[in-house]
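Work through the exercises below with the sequence and coordinates at hand. Each task is followed by a solution in steps.

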Amino acid sequence: MKKATLFTVFIIIVIGSILTSCDSPEKKVEEAKQGVTEAKENLKEALQELNAEYPAFKTEAELKIADNEKSIAELNAILNKPGKLPLDEMRKKKIAELKEKNAQLKSRLYGYEKERTDWEAFKREFNHDLEGISEAFKDLGKKNTN
């Protein structure tokens with residue numbers, strides 16, 4: 001008798017647990033709709049933030065890229081002066097590499113408008129690469145003026 005009562009109580013507890021833990025399909029659909037609505041709102045906010053930040057970022061980056069192009073012209077003028085130094089060919093190759101990287105940065109800047117990937121990651125990586133190129137130009141220029 002005790003076993004039958006314990007078994008019945010156990011079955012009632014298990015069935016009660018199963019029934020209370022299961023969500024109805026309607027509730028799951030409603031939660032999914034809310035999740036989609038929140039995701040759409042987050043996307044709208046992110047796009048608004050991007051639309052506000054990107055033009056200023058683009059203008060600033062274009063100025064830095066133009067400064068790099070100016071540095072390229074100045075370094076080429078120094079290297080093309082009479083009186084060839086032993087490292088001129090190495091410097092010309094380095095300038096050509098930096099010129100190519102600068103062009104790639106310019107392409108990435110304009111390509112971002114079409115891609116619209118993760119804004120913060122793009123901005124961080126782009127600034128890092130741009131600063132690296134600018135520093136390389138400064139270092140290369142210091143070697144040429146000695």
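The model is predicted: local features need pLDDT of at least 70, side-chain atom pairs count only at pLDDT 80 or more, and totals for chains, interfaces and linings use all residues. Residues are numbered from 1 along each chain as its sequence is written, and side-chain values use heavy atoms, with hydrogens and water left out.

**Exercise 1. Describe the overall fold and its confidence.**

Step 1. The protein chain has four helices and zero strands, in the order α-α-α-α from the N terminus.

Step 2. Of the 146 residues, 21% are buried.

Step 3. The mean pLDDT (the predictor's confidence in each residue, from 0 to 100) is 78, and 83% of the residues reach 70 or more. Where pLDDT is low, the predicted coordinates should not be read in detail.

**Exercise 2. Which residues have the most contacts inside the largest nonpolar core?**

Step 1. A nonpolar core is a set of buried Ala, Val, Leu, Ile, Met, Phe, Trp, Tyr and Cys residues joined through side-chain atoms within 4.5 Å. The largest one has 20 residues, and Leu-109 and Phe-126 have the most contacts inside it.

Step 2. At least two core residues come from each of helix 2 (25-79), helix 3 (88-115) and helix 4 (119-145). Helix 4 gives the most, eight residues.

Step 3. Leaving aside residues up to four places away in sequence, Phe-126 touches Phe-57, Ala-61, Ile-65, Leu-105, Arg-108 and Leu-109. Contact here means heavy atoms within 4.5 Å.

**Exercise 3. How many salt bridges are there, and what do the pairs join?**

Step 1. A salt bridge is a side-chain nitrogen of Lys or Arg within 4 Å of a carboxyl oxygen of Asp or Glu. The count by this rule is six.

Step 2. Arg-108 and Asp-129 form one, at 2.6 Å from N to O. Arg-108 lies in helix 3 and Asp-129 in helix 4, so this pair ties together parts 21 residues apart in sequence. Arg-108 is partly exposed at 30% relative accessibility, as is Asp-129 at 29%.

Step 3. Lys-64 pairs with Glu-60, their closest N and O atoms being 3.5 Å apart. About one helical turn separates the two, because they are four residues apart in helix 2.

Step 4. Glu-120 and Lys-123 meet at 3.9 Å, N to O, and are three residues apart in helix 4, therefore about one helical turn. Glu-53, Glu-120 and Lys-123 are linked in a network of salt bridges.

Key. Buried means under 20% relative accessible area, exposed over 50%, partly exposed in between (1.4 Å probe, protein chains only).
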